Amino acid sequence: MKFLVAIDGSTASQHALEKALSLAKPSGADLVLLNVAEHPSSAYWPGVLPTGEPLPFQNIPVAELEESVRAVAEATLNEAREYCKAAGVSCEARLEFGSPRDTICDVAETERPDILIIGSRGLGNMQRLMLGSVSDYVIHHAPCPVLVVR
C-alpha cells in the first residue's frame, strides 16, 4: 500500500501526517510526503505602500526569494521524514513547485496512491468561497480516495 501525504508545515498538515502514520504503521503502507511550494514570482507584486515607498521585499531578487522558499520547503520535508523514521514508517519525499491544488492532483495521478491524505484548515463557508480551499479542490479532482484531516 502507498499513501500520499500533502504537507506544508502547518498544524493542519502535521495532523494529516500523524493520521497517515497511525494508518500506515499497522498496514505496512509506505508514505510519499509531498510539499508543494509556490514560485514567489507568481505572488510577486510590484506594489507600493500608502506612503509611496516600495514594499520591503521588492528589493529582493526573485531568484533569492525562490531559494528561500526552496530551503523552507526542504526543511519541512526533512522534519517530516525524520518524524516518519522515528515512527518506524518508510517514506519518500517529493518537493514540487506550482499551484498546490493542481500539483497535488497531478502527483496523485502519477504516484497512484491507495489514498491521499491532506489537512484542512477548517475554513468557514464564506472564507472557502472567497479564498478557495485546497482540500476541497483535491476532494473533487484527485484520481484516488482522499482523506481530509481536520
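This is a short tour of the chain, stop by stop, with something to select at each one.

**Before you start**

The model is predicted, so local features need pLDDT of at least 70 and side-chain atom pairs count only at pLDDT 80 or more, while totals for chains, interfaces and linings use all residues. Residues are numbered from 1 along each chain as its sequence is written, and side-chain values use heavy atoms, with hydrogens and water left out.

**Stop 1: the whole chain**

Show the chain as a cartoon and you will find six helices and five strands. Helices (H or I, at least four residues) and strands (E, at least two) are DSSP runs, numbered from the N terminus. Along the sequence they follow the pattern β-α-β-α-α-β-α-β-α-α-β. Of the 150 residues, 35% are buried, where buried means under 20% relative accessible area, exposed over 50%, and partly exposed in between (1.4 Å probe, protein chains only).

**Stop 2: the sheet**

Now select the five strands. They form an open sheet in the order β3-β2-β1-β4-β5, with parallel pairing; two strands pair if DSSP finds at least two bridges between them. At the edges are β3 (91-97) and β5 (146-149), each of which pairs on one side only. From one strand to the next, the twist averages 20 degrees. Such angles are taken between N-to-C directions and run from 0 to 180 degrees, with axes as lines fitted to C-alpha atoms, for helices over the stretch in contact.

**Stop 3: β1 and its neighbours**

Select residues 2-6, strand β1, where four of the five residues are buried. Five bridges join β1 to the parallel strand β2 (residues 30-37), and leucine 4 stands opposite valine 32 in β2. To get from β1 to β2, the chain passes through helix α1 (residues 11-27) in a right-handed β-α-β crossover. Right-handed means that, with the strands pointing away from the viewer, the path from the first strand over the helix to the second runs clockwise.

Strand β1 is also joined by three bridges to β4 (residues 115-119), again running parallel. Here valine 5 has isoleucine 117 as its bridge partner. Moving on, four bridges join β4 to β5, and glycine 119 stands opposite valine 149.

**Stop 4: the nonpolar cores**

Which residues have the most contacts inside the largest nonpolar core? Select Val5, Leu17, Leu31, Leu33 and Ile117; the core has 17 residues. A nonpolar core is a set of buried Ala, Val, Leu, Ile, Met, Phe, Trp, Tyr and Cys residues joined through side-chain atoms within 4.5 Å. Helix α1 gives this core its largest share, five residues. Zoom in on leucine 17: among the residues it touches are Ala80, Tyr83 and Cys84, contact being heavy atoms within 4.5 Å. A second, separate core of 15 residues includes Val36, Cys105, Ile118 and Ala142.

**Stop 5**

Select residues 100-111, helix α4, which lies across β1, β2, β3 and β4 and runs at about 135 degrees to β3. Then pick residues 134-141, helix α6, lying across β4 and β5 at about 165 degrees to β4.

**Stop 6: the cysteines**

How many disulfides are there? The count is zero, a disulfide being a pair of cysteine sulfur atoms within 2.5 Å. Select cysteine 91 and cysteine 84: their sulfurs are 4.1 Å apart, too far for a bond. Cysteine 91 is partly exposed, with a relative accessible area of 24%. Finish at cysteine 144, which is buried at 13%.

Notes. Lists of a residue's contacts leave out its neighbours within four places in sequence.
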